[in-house]
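Here is a set of exercises to work through with the model open beside you. Try each task before you read its solution.

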Amino acid sequence: MAKVSFRTALFVCADGARAGAAVAAFDAAAARLGMPWRGAATPPPALAGVEVVVPLDGAAPDGWTGRVEKWNGALAPDAAAAGLIARLLGGTDQEPKPKPAPPPPPKKVHTVKLSRETAGRKGKGVTVVSELPLTEDALKELATKLKNACGTGGTAKDGRIEIQGDHRDKLQQELEKLGYKVKRAGG
């Protein structure tokens, strides 16, 4: 059976009983998770083999330049050990920040214009959606949705969306589903 090489976390405290309790909680939590870590309350000679120092009531030992972690003494020892292990594994023991709420939908329903154009296209018509209150990125995203709905190509430029072919009826349905009021312009 191969010998397991342990990594050491040194718990530094003037009160030996408190350091011993922290080491016991840390060792128990690490063993439950099968982690190759062990705690120590007394420093080995020249801090050999110590990877992390956890000061319980002050600063790290003089001359220590390695990683220093905190021990939350306000929590129960098991909870404090779980937080330390989470940080040792590259995570965090902080509560995740709540995601910001999505912006509310516009109170006023915006009217967009839907028309068909053939000018400058050698008789090939395009359906044009104009007067959209969107940024360029949002306009391109909406254009992609509309092109997919119609099964055709198109473009988003100059604040308007051009869809190849006459798809006014389909686009009107799609835009109304998205909450826009549609006004048909032209023939």
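**Exercise 1: the surroundings of V54**

Task: find which residues V54 is in contact with, leaving aside its neighbours within four places in sequence.

Solution. Start at V54 and look for contacts, meaning heavy atoms within 4.5 Å. With neighbours within four places in sequence set aside, V54 is in contact with L10, F11, V12, E69, K70, W71 and L84.

Before going on, a word on the ground rules. This is a predicted model, where local features need pLDDT of at least 70 and side-chain atom pairs count only at pLDDT 80 or more, while totals for chains, interfaces and linings use all residues. Residues are numbered from 1 along each chain as its sequence is written, and side-chain values use heavy atoms, with hydrogens and water left out.

**Exercise 2: confidence**

Task: work out where confidence is lowest and where it is highest.

Solution. First, pLDDT is the predictor's confidence in each residue, from 0 to 100. Next, take the protein as a whole: the mean is 83, and 92% of residues reach 70 or more. Then go element by element, where helices (H or I, at least four residues) and strands (E, at least two) are DSSP runs numbered from the N terminus. Helix α2 (residues 77-88) comes out lowest at a mean of 83, and strand β8 (residues 160-164) highest at 91.

**Exercise 3: the cores**

Task: say which residues of the largest nonpolar core touch the most other members.

Solution. Buried means under 20% relative accessible area, exposed over 50%, and partly exposed in between (1.4 Å probe, protein chains only). A nonpolar core is a set of buried Ala, Val, Leu, Ile, Met, Phe, Trp, Tyr and Cys residues joined through side-chain atoms within 4.5 Å. The largest one has 21 residues, and F11, F26, W37, V54, L56, W71 and L84 touch the most other members. Now see who supplies it: β1 (7-12), α1 (16-33), β3 (50-55) and α2 each give at least two residues. The largest share, 7 residues, is from α1. There's also a second, separate core of 16 residues, with V112, L142, C150 and L171 among them.

**Exercise 4: helix α2**

Task: list the buried residues of α2, and find what covers them.

Solution. Check the length first. Then pick out the buried ones: A80, A81, G83, L84, I85, R87 and L88. Their cover includes β1, α1, β2 (37-40), β3 and β4 (67-68). Just past the helix, G90 has a positive phi of about 95 degrees.

**Exercise 5: charged pairs**

Task: trace the salt-bridge network that includes R87, then look at the pair R160 and E162.

Solution. A salt bridge is a side-chain nitrogen of Lys or Arg within 4 Å of a carboxyl oxygen of Asp or Glu. The structure holds 11 of them. One network links R67, E69 and R87. R87 counts as buried, at 12% relative accessibility.

Now the second pair: R160 and E162 meet through their side chains at 3.0 Å, N to O. R160 is partly exposed at 22%, whereas E162 is buried at 9%.
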